Amino acid sequence: MLETPGGLAAVAGLLGLCVGSFLNVVAHRLPRMLEREWAAQCAELQAGSDAMATRLPDDAPFDLVRPRSRCPSCGHAITALENIPVLSYLLLGRRCSACRSPISVRYPLVEAFTALGSAGLAWHFGAPWPTLGALALLWALIALSLIDFDTQLLPDSITLPLVWLGLAFNLFGTFTDLQSAVIGAMAGYLSLWSVYWLFRLATGKEGMGFGDFKLLAAIGAWLGWQLLPVVILLSSLVGALVGLSLIFFARHGRQVPIPFGPYLAAAGLIALVWGAPLTAYYLDTIR
């Protein structure tokens, strides 16, 4: 089944449904795990020599697996039958089975998008090794986008491994040659780092976070430096359009920051599939 494009796409789509459900958990829990870690570090600093004896008020196990997922309204533990991607949401009538509180539509949308994206990438690349790399990149970018949208954080625990994983895949020239990947990682980080400092020197304000630098470095490590101009152009264009729309139509405050990570992630995925023709078109246009 995996030897045919359709079979590989079907398997990737089913796997994407399951991974999409897990990505919802990652987006919800990872920021809270980081908050607990920061609180523990602060407690250690305050405790001094008695740091090891200091316990946080909420010191129960909390990670990506524990405790079981629960309804945020009533605390009802989600059963296996209630946790089937997309299908459970529809069968439950979009409400908790215990308290009938509405379930956010975001959960099935993330699951469906992850499934469709996984199937599409498997169909596009065909070969198992590039498909595996493309799926890893897709899933990481979805998780980062969700977290950045919610908290305006791009955790190092995802961005930094993503840089090294991109370089590892390109050891074998999966998406680009290793030299282009290394230069892409450096150029991706330094380009936004330079924009950050120029903006800060000119205005005294921070225009973006350091996580954006690392995310673009990761995209450069996967795709090579040649596709970075297209990624930056696409992400800036979409970000500007969305930002202006939020300001004029949704009355989004001008001083309220807008996360840039989702636009970088979207541009990176577009470049992953259509980067070469877009770059050729871009170069023809500016000549």
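Me: Contact here means heavy atoms within 4.5 Å. Of the contacts in the protein chain with a separation of 6 or more, what percentage comes from residues 24 or more positions apart?
Reply: This is a predicted model. In it, residues 24 or more positions apart account for 67% of the contacts in the protein chain with a separation of 6 or more.

Me: What does the secondary structure of the protein chain come to?
Reply: The protein chain has 9 helices and 0 strands.

Me: How much of the protein chain is buried?
Reply: Buried residues make up 40% of the 287 residues. The accessible surface of the protein chain comes to about 16,400 Å², and 68% of that surface belongs to carbon and sulfur atoms.

Me: Turning to cysteines, how many disulfides are there?
Reply: The count is 0 disulfides. A disulfide requires a pair of cysteine sulfur atoms within 2.5 Å. For Cys71, the closest cysteine sulfur belongs to Cys96 and is 3.7 Å away, so the two are too far apart for a bond. For Cys74, the closest is the sulfur of Cys99 at 3.6 Å, which is also too far for a bond.

Me: Is Cys71 buried or exposed? And where does Cys74 stand, by relative accessible area?
Reply: Cys71 is buried, with a relative accessible area of 9%. Cys74 is partly exposed, at 40%.

Me: New topic, Thr131. Where is the place of Thr131?
Reply: Thr131 sits in helix H4, which covers residues 128–151. Thr131 is buried, with a relative accessible area of 3%.

Me: Which backbone oxygen lies 2.8 Å from a polar atom of the side chain of Thr131?
Reply: That of Ala127.

Me: Leaving aside its neighbours within four places in sequence, what is Thr131 in contact with?
Reply: With those neighbours set aside, Thr131 is in contact with Leu8, Leu121, Ala122, Phe125 and Gly126.

Me: On to the rings. How many aromatic pairs does the structure hold?
Reply: The structure holds 11 aromatic pairs. One of them joins Tyr196 and Phe210 in an edge-to-face arrangement, with 5.2 Å centre to centre and 75° between the planes. This pair links distant parts of the chain, since Tyr196 belongs to helix H6 (residues 178–203) and Phe210 to helix H7 (residues 210–223), 14 residues apart.

Me: At 2% relative accessibility, does Tyr196 count as buried or exposed? What does Phe210 count as at 37%?
Reply: Tyr196 counts as buried at that value, whereas Phe210 counts as partly exposed. Phe210 also pairs with Phe213: the ring centres are 4.9 Å apart and the planes are at 40°, so this pair is tilted.

Me: Where do Phe210 and Phe213 lie?
Reply: Both lie in helix H7, 3 residues apart, which is about one turn of the helix. Phe213 is buried, with a relative accessible area of 0%.

Me: Which residues do ring pairs link into a cluster?
Reply: The cluster consists of Phe125, Trp129, Phe169, Phe172, Phe175 and Trp222, linked by ring pairs.

Me: Finally, which residue lies over the face of Phe62?
Reply: Arg29 lies over that face, at 5.6 Å from the ring centre of Phe62.

Notes
Residues numbered from 1 in each chain as written. Predicted model: local features only at pLDDT ≥ 70, side-chain atom pairs only at ≥ 80, totals over all residues. Heavy atoms only, no water. Buried < 20%, exposed > 50% of the residue type's maximum accessible area, 1.4 Å probe, protein only. Helix = DSSP H or I, 4+ residues; strand = E, 2+ residues; numbered from the N terminus. Polar contact = N/O pair within 3.5 Å; in protein donor to acceptor, adjacent residues only side chain to side chain. Areas by Shrake-Rupley, 256 points an atom, 1.4 Å probe, with all protein chains shown as cover. Phe/Tyr/Trp six-rings, centres within 6.5 Å; stacked < 30°, edge-to-face > 60°. Lys NZ or Arg CZ within 6 Å of the ring centre and 35° of its normal.
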